[in-house]
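This report looks at one protein model through its charged pairs, one of its strands and one of its pockets. The sequence and structure come next.

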Amino acid sequence: MNYIQEYIDKIRSGEIITSKKVKKLYFNIIEPIIKDQDPTYTFNEELGEVFIEFAETLCKQSKGEWAGKTIELMLFQKAKYQAIFGIIERETGRRRFKQILDIRARKNGKSSENSVLGLFMTATEPGAEVYAAATTLSQARRVWEESQSMVQQSKHLSKHFGFKVFPNPTIYTKKGKGYFKVLSKNVSTFDGLNVSAAIIDEVHELPRSIYDILIQATSARDEWLLS
C-alpha cells in the first residue's frame, strides 16, 4: 500500500493534525516524488514496505500491557519509513533520506520503534556497524535491551542474531559480520568507527561532539542512517 499518500490525504482532509514543518516536508518534497514528478528521485513502494513487514511480522513488544504482542505501526510511522526506505535516487538507487529527526512526546513508542530500526539496519546492511547512543550508558542500553528482547521472543530472529551483554552489550548477525552495540558519551571510545546506522536517544541532550563524530564515521558508507 501507498501509506505516504494515505497519510498526506488524511492531513489535507483534517483527519490528522500535524505541524507546519511536517506538512511542508510531505506536501512540497515527498508528494512530488511519489507522484513521479521529481527528476532526481523516485518512489519504490515495495522497497519501502520491507521495514514495515519486518516490524509487524518479526518484532514483539517487551514491556507493560503490550509485552509479547507483535509491533503494530501507526499510519504516520508507516508513511515515515516508507519514505525513508522507498524514496531513492533514480540513477544510483540510494536512499534520499539519511537523517531522521522525530520529535515526539515521551511514552509514545519511540524506543520500541528505534529498537526495530536497530535490528533492521543490522540485518540489511552488509558488515553493519549499528550503535545506540545517548548521554549515559544506561540510557543508551534501553533501546538495545528492547532489541535484545525482540530477538529472544522471535524464533526467526534468533536464527539470525546472537547477543552478549559483557563486556559491551552487542547483538550480532550469525552470518555477515554485522553488529548492534551500545555507546556511551565517552568520545575517546569512538575512534575507528565505521558507522552504518546510529540510533540516538534524546539527541537534544547529546554533546555536539558525539553527533559530529558519528556523522564523520559514516563517510565510508553509501547507505548510512542516523535516527
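Glu145 and Arg141 both belong to helix H6 (residues 137-153), where they sit four residues apart, about one turn of the helix. Helices here are DSSP runs of H or I with at least four residues, strands are runs of E with at least two, and numbering starts from the N terminus. The model is predicted: local features need pLDDT of at least 70 and side-chain atom pairs pLDDT 80 or more, while totals for chains, interfaces and linings use all residues. Residues are numbered from 1 along each chain as its sequence is written, and side-chain values use heavy atoms, with hydrogens and water left out.

Glu145 and Arg141 form a salt bridge, a term that requires a side-chain nitrogen of Lys or Arg within 4 Å of a carboxyl oxygen of Asp or Glu. The whole structure holds 12 salt bridges; the table gives some of them.

| Glu145 | Arg141 | 3.1 Å |

Glu56 lies in helix H3 and Lys78 in helix H4, so their pair ties together parts that are 22 residues apart in sequence. Lys78 is buried, at 14% relative accessibility, whereas Glu56 is partly exposed at 27%. Buried means under 20% relative accessible area, exposed over 50%, and partly exposed in between, with a 1.4 Å probe and protein chains only. Glu15 is exposed at 55%, and Lys10 is partly exposed at 24%. Glu6, Lys10 and Glu15 are linked in a network of salt bridges.

Strand E6 (residues 179-183) has four of its five residues buried. Pairing requires at least two DSSP bridges between the strands. Within E6, Phe180 is the bridge partner of Val130 and Tyr179 that of Tyr172.

The second largest pocket is lined by 21 residues, with Val22, Leu25, Leu101, Asp102 and Ile103 nearest its centre. A pocket is an open set of points on a 1 Å grid over the protein atoms alone, where a 1.4 Å probe fits, with protein on both sides within 12 Å along at least five of seven lines; lining residues have an atom within 4 Å of a point. Helix H2 (20-34) gives the most to this lining, with five residues.
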